[in-house]
Amino acid sequence: MSEKENTEEKILDAAKKVFVTKGSDGARMQEIADEAGINKSLLHYYYRSKEKLFGAVFKFAFKKFAPNLMGIFESDHDIFTKITTFIHSYIDIISKNPFIPLFIINEVSKKNAGFVGAVIKNSGMNISLFEKEIKKEIKKGTIKQIDHKQLIVNILALCVFPFIGRPIIQKVVFEDNEKQYDIFLELRKDEVSNIIISLLRP
């Protein structure tokens, strides 16, 4: 990794922390520079404004949060393997970037529709491919009749909610045991996969 790439990575990591804590409105460039261990002038060299820096962080977050359906659903595996792979991969991504769901939920309503639309368009999301795959499997009789929109929302909700609701769930259900909750999240991969597959089987 070059020095330039290393500096950019430090800036994005620092900005991510500050934006998650303070939000886009409350964050300050000086605070981000301090977190990155660089001076403010260097920060402005890479990102001329807080808005441009926020845009870079938001795009990174959304691309991680919005799963790339294309690669998984274009494989030659059966539909149940594809869905299981999707769920496992998605939970892995959020586990490594737990700030993402709440960050996006908090910020998406603050930005104009054009900005959000552009991010979604370039994120790798391809719901039409998912829809085509589900309809094909319904026609073959592999899975029961189901609305693909309901299905994708069910999958995303089952995967994401334990991360959004972690502060409450960990405290109430797991007596604030962080290690036990991490184990729960790992087991969640198979749990969600089994729930969805049971829902789909004829």
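Two residues are in contact when heavy atoms of one lie within 4.5 Å of heavy atoms of the other. On that basis, Ile87 in this predicted model touches Ile155, Cys159, Lys189, Val192, Ser193 and Ile196, leaving aside residues up to four places away in sequence. Ile87 is also one of the residues with the most contacts inside the largest nonpolar core.

**Nonpolar cores**

- The largest nonpolar core comprises 30 residues.
- Besides Ile87, the residues with the most contacts inside this core are Phe73, Phe86, Ile134, Leu151, Ile196 and Leu200.
- At least two residues of this core come from each of helices H5 (69-73), H6 (79-96), H9, H10 and H12 (178-200).
- Helix H6 provides the largest share of the core, 8 residues.
- Another core, of 25 residues, lies apart from this one and includes Ala15, Ala27, Met29 and Ala33.
- In soluble globular proteins, nonpolar side chains tend to be buried together.

**Packing of H9 and H10**

- Helix H9 spans residues 127-140 and helix H10 spans residues 148-164; the two pack at an angle of about 115°, and their axes are 10 Å apart.
- Angles of 65 to 115 degrees count as roughly perpendicular, and H9 and H10 are therefore roughly perpendicular to each other.
- The crossing of these two helices, H9 and H10, is right-handed.
- On the H9 side, the contact is made by Ile127, Phe130, Glu131 and Ile134, and on the H10 side by His148, Leu151 and Ile152.
- Sorted by class, the residues in this contact between H9 and H10 are 5 nonpolar, 1 polar and 1 charged.
- Ile134 and Leu151, which take part in this helix contact, are also among the residues with the most contacts inside the largest core.

Note on methods:
Residues are numbered from 1 along each chain as its sequence is written. This is a predicted model: local features need pLDDT of at least 70, side-chain atom pairs count only at pLDDT 80 or more; totals for chains, interfaces and linings use all residues. Side-chain values use heavy atoms; hydrogens and water are left out. Axes are lines fitted to C-alpha atoms, for helices over the stretch in contact, and angles run from 0 to 180 degrees between N-to-C directions. Helices (H or I, at least four residues) and strands (E, at least two) are DSSP runs, numbered from the N terminus. Angles under 35 degrees count as roughly parallel, over 145 as roughly antiparallel, 65 to 115 as roughly perpendicular and the rest as oblique. A crossing is left-handed if the near helix is turned anticlockwise from the far one by less than a right angle, and right-handed if clockwise. Ala, Val, Leu, Ile, Met, Phe, Trp, Tyr, Cys and Pro count as nonpolar, Asp, Glu, Lys and Arg as charged, and the others, Gly among them, as polar. A nonpolar core is a set of buried Ala, Val, Leu, Ile, Met, Phe, Trp, Tyr and Cys residues joined through side-chain atoms within 4.5 Å. Buried means under 20% relative accessible area, exposed over 50%, partly exposed in between (1.4 Å probe, protein chains only).
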